[in-house]
Structures are given as C-alpha cells and as structure tokens.
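Here are my notes on the model, in the order I jotted them down. Have a look at the structure, then read through the points.

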Amino acid sequence: MIFIVNPISGKGRKERIVDFLKKEGCKVVFTEYAGHAEEIARHAEDDVIVAVGGDGTVNEVARGIIGTDKALGIIPCGSGDGLALHLGISRHYKTALKTIEQGHRQLIDSAIINGRPFFSVCGIGFDAVVSERFAKSGKRGLLNYIEQGLRTWKEYTPEKYLINIDGKEWENDAALITIGNSSQWGNNAKITPLADISDGILDITLVDMFNTLEMPALGYLLMTGRLDRNHNIHCYRGKHITITRKVSGPAHADGDWFNTGTEIDITILPKSLNVIIP
C-alpha cells in the first residue's frame with residue numbers, strides 16, 4: 001500500500017495525517033507537480049493506491065489506475081471532497097484509514113470529458129467560471145469558493161447551448177450544465193442528486209438562469225439532495241452527451257478548471273475503477 005500526498009491540500013489536517021501515517025510505518029510519497037500523482041500511481045507496484053488530498057488529487061491518482069486491478073483508497077482533506085463524500089468515506093482521517101484497512105472494493109464508473117477522465121462531476125457555465133476564479137485567487141477553502149461565486153453571479157450572463165444526449169438534440173439557455181457520475185460538487189452540495197456511481201449512466205443537471213432572490217431556496221434544496229424538485233432545474237440521464245456553445249471557455253472536472261473549445265464531448269466508462277468504500 002502506498003499513500004500519495006498532495007502537500008498543498010488540507011493544510012493543518014494534512015500535517016497531522018502525514019505524521020500519523022509515518023508513525024504507523026506507512027509508505028508515503030509527496031507529489032511535486034501537476035500530474036505527478038498520476039505518474040506515481042501508474043508505476044507503483046502496490047495493490048492499493050491511497051490518495052491523500054482533495055478531489056484533484058483523487059482524480060490524478062484514479063487516472064493512473066483506471067482500468068487496472070489496483071484499488072483506490074481515499075483519505076479526503078480537500079476543499080470539497082465530492083467523490084469521497086458520495087462514497088460515504090469519512091473526512092476524519094483515522095476513520096478513512098479504517099475504511100481502507102477493513103472496507104471492501106467496489107467497481108465504479110468513470111467518465112471522459114474531451115479526453116480528460118473524471119470520476120465525480122464535470123460541467124460548463126457558471127460553476128466552471130467560479131472554479132477558474134477560485135483557482136486563480138490563490139486561496140483555498142469553502143468560504144473563498146462562496147465569495148468567488150457571489151462575485152461571479154453579479155455579472156454572469158447565461159449562454160445558449162446545443163445539447164445532444166444519446167441522439168436526442170435541442171437548444172437551451174442555461175446558467176450551468178453539470179454532468180454527474182457521483183451526486184455532488186463537494187461538501188454535500190448535491191448538484192446531480194439522483195446519480196448512481198455504478199449504474200453505467202451519467203446524470204445531467206441543467207440549471208435555468210434564476211433570480212437572485214431564489215438563491216436561498218435553491219441552496220437549501222442543493223444541500224438537502226432535493227434540487228430536482230425546483231422548476232429551474234431540469235434533470236436528464238444518458239451515456240453520451242455532446243454540448244456545443246458559441247465560444248470557447250472554461251470547463252471543470254472534479255473541481256479543477258481547464259479551457260476547452262466550443263465542442264464538448266462526454267462519455268461513460270462503466271465499472272472501470274476499483275475503489276475501497278465502507
């Protein structure tokens with residue numbers, strides 16, 4: 001078993017986790033640059049590869065072992081920890097470690113957005129812009145994410161998208177479109193609340209532009225897993241999603257933003273990753 005640690009994630013918590021792992025005699029390796037966790041995981045001879053960090057670190061480690069017999073363990077210590085929370089993995093590191101030692105393996109689905117693997121959620125629109133601004137701000141944490149979101153909302157204009165889900169095509173204005181393998185962005189904010197991570201199908205949430213006064217009600221539904229009940233929310237399911245927009249811009253996958261073009265292609269990879277869960 002090898003523990004791959006992102007030295008940036010979970011400051012404070014991370015130091016305690018690393019000290020504990022070293023006292024237990026665990027093999028600990030630190031990442032040194034973007035993509036390093038994927039390289040370490042791919043070349044490791046260990047049967048269990050543990051990601052110690054946030055959704056970005058989990059994504060990198062998972063990319064390194066996707067389609068293999070190796071199993072992903074997670075000790076979450078990031079800003080959102082969406083995949084871990086969806087899987088019921090505790091944010092308390094000793095409990096998460098017990099899960100790795102005593103839990104069982106589950107084959108879960110993965111997905112690809114424009115050639116980039118993701119395991120929790122991806123999307124375009126408002127939340128992708130917020131992800132970009134959050135990353136460029138140089139500060140971590142939920143409060144900064146909320147701050148960036150409120151600033152972005154004041155000046156945000158929805159885009160028109162041409163959407164195709166398994167051959168059915170239509171045009172739609174949207175504030176954002178999220179495609180979920182799991183149910184949430186992170187911090188239990190369930191943007192695709194009906195998602196099942198092992199059913200071979202992706203869940204799509206399209207959010208209409210809404211009045212700022214509606215934000216508290218939407219926030220409540222988001223955090224209670226009932227977002228699909230709001231009239232501004234449209235939920236779909238499919239295996240192959242293509243989205244066309246007029247201009248290039250940001251997208252996000254598992255919390256990390258990246259620039260992509262006008263054509264966005266998302267596909268499901270059923271039961272392609274072993275994960276250790278409670």
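1. Cys77 is buried, at 0% relative accessibility; for the burial labels here, buried is under 20% relative accessible area, exposed is over 50%, and partly exposed is in between, using a 1.4 Å probe and protein chains only. Its sulfur has the one in Cys26 as closest cysteine sulfur, but at 14 Å that is too far for a bond. Bear in mind that this is a predicted model: local features need pLDDT of at least 70, side-chain atom pairs count only at pLDDT 80 or more, and totals for chains, interfaces and linings use all residues. Residues are numbered from 1 along each chain as its sequence is written, and side-chain values use heavy atoms, with hydrogens and water left out.

2. How many disulfides does the structure hold? The count is 0, where a disulfide means a pair of cysteine sulfur atoms within 2.5 Å.

3. On to charges. Side chains of opposite charge can pair when their charged atoms come close. Searching the whole structure turns up 12 salt bridges, each being a side-chain nitrogen of Lys or Arg within 4 Å of a carboxyl oxygen of Asp or Glu. One of them joins Lys14 and Glu15, with the closest N and O atoms 3.3 Å apart. Lys14 is buried at 8%, while Glu15 is partly exposed at 37%.

4. Asp81 and Arg91 also form a salt bridge, at 2.8 Å between the closest N and O atoms. This pair links distant parts of the chain, 10 residues apart: Asp81 is in the loop between β4 (71-76) and α4 (82-86), and Arg91 is in the loop between α4 and α5 (93-102). For the element names, helices (H or I, at least four residues) and strands (E, at least two) are DSSP runs, numbered from the N terminus. Asp81 is buried, with 2% relative accessibility; Arg91 is partly exposed, with 29%. Elsewhere, salt bridges with shared partners join Glu38, Arg42 and Arg63 into one network.

5. Which of the burial classes does each fall in? Arg42 is partly exposed at 41%, and Glu38 is buried at 17%.

6. Now the helix packing. The axes of α2 and helix α3 (residues 55-65) come within 7 Å and cross at roughly 35°; axes are lines fitted to C-alpha atoms, for helices over the stretch in contact, and angles run from 0 to 180 degrees between N-to-C directions. His36, Ala37, Glu38, Ala41 and Arg42 in α2 meet Glu60, Val61, Arg63, Gly64 and Ile65 in α3, with contact meaning heavy atoms within 4.5 Å.

7. Last, two backbone spots to check. Most residues other than glycine have a negative phi. Asn114, not a glycine, has a positive phi of about 45°; Asn114 is in the loop between β5 (104-113) and β6 (116-118) and is partly exposed at 32%. Lys271 has a positive phi too, near 40°. Lys271 lies in strand β16 (residues 263-277) and is partly exposed at 47%.
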